[in-house]
Amino acid sequence: MRLELESLLELADEGVHTRGEALFLRGAVLEAARSRGRLQARVQGSAPFPYRVEINLSQGGWACTCPYAWGPVCKHVVAVALAALEAPEIFTRKKLGRRAPVNLQAILELSDDELLRFLWQLAEVRPELMHEFAYNLMQRFE
Ligand SMILES: [Zn+2]
């Protein structure tokens, strides 16, 4: 189902909309890129690293890597949607890779011990990934 940016913005709570607009106006939307029906960007909010946002207009979906779970749309998605409407020139046109979905089935089958060991190894190879993971986890329990 095709998605219009205006209807996406209407889904956001008023407070979320205000905070997303502030992010956009402060220049927090970074590395914005678009291909036919897709928008991608990083948004630098209060977290120590930017969140990744994707809005798929042709398939009618959107996603953000932040832990916000209290409404359908977070402030980072609002910021990217506003940027696309009001500052389309910051989006570079490029072919966005069709990322193959990660198959997590193997991870689900690990025992707790194996999973811990796996995370530990991941933390050594990709510390920034674990930093983001741990931060998001803490946000969820705050
Ligand atoms: Zn977000």
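Into which domains is the protein divided? There are two entries to remember: domain 1 covers residues 5-93, and domain 2 covers residues 105-141. Please keep in mind as you look around that this is a predicted model. Here is a short tour, from the overall layout down to one pair of packed helices.

**Overall layout**
- The protein holds 6 helices and 5 strands.
- Read from the N terminus, its elements follow the order α-α-β-β-β-β-α-β-α-α-α.
- The C-alpha trace spans about 50 × 35 × 25 Å along the principal axes of the protein.
- Between the C-alpha centres of domain 1 and domain 2 the distance is 26 Å.

**An annotated stretch**
- In an unreviewed entry, UniProt lists residues 51-85 as "domain: SWIM-type".
- Helix makes up 31% of the chain over residues 51-85, and strand makes up 29%.

**Helices H2 and H3**
- Two packed helices are described by the angle between their axes and the distance between the axes.
- Helix H2 spans residues 14-25, and helix H3 spans residues 75-86.
- H2 and H3 pack at an angle of about 55 degrees, and their axes lie 7 Å apart.
- Angles from 65 to 115 degrees count as roughly perpendicular and those under 35 as roughly parallel, so H2 and H3 are oblique to each other.
- The crossing in which H2 passes H3 is right-handed.

**Where the two helices meet**
- On the H2 side, the residues in contact are Val16, His17, Arg19, Gly20, Glu21, Leu23 and Phe24.
- On the H3 side, their partners are Lys75, His76, Val78, Ala79, Leu82 and Ala83.
- Sorted by class, this contact of H2 with H3 has 7 nonpolar, 3 polar and 3 charged residues.

Technical notes. Residues numbered from 1 in each chain as written. Predicted model: local features only at pLDDT ≥ 70, side-chain atom pairs only at ≥ 80, totals over all residues. UniProt positions renumbered as here; feature names shortened; annotations may be inferred. Helix = DSSP H or I, 4+ residues; strand = E, 2+ residues; numbered from the N terminus. Domains from an automatic or database assignment. Axes fitted to C-alpha atoms, helices over the stretch in contact; angles between N-to-C directions. Parallel < 35°, antiparallel > 145°, perpendicular 65-115°, else oblique. Left-handed = near helix turned anticlockwise from the far one by under 90°. Contact = placed C-beta atoms within 7 Å. Nonpolar A, V, L, I, M, F, W, Y, C, P; charged D, E, K, R; others polar.
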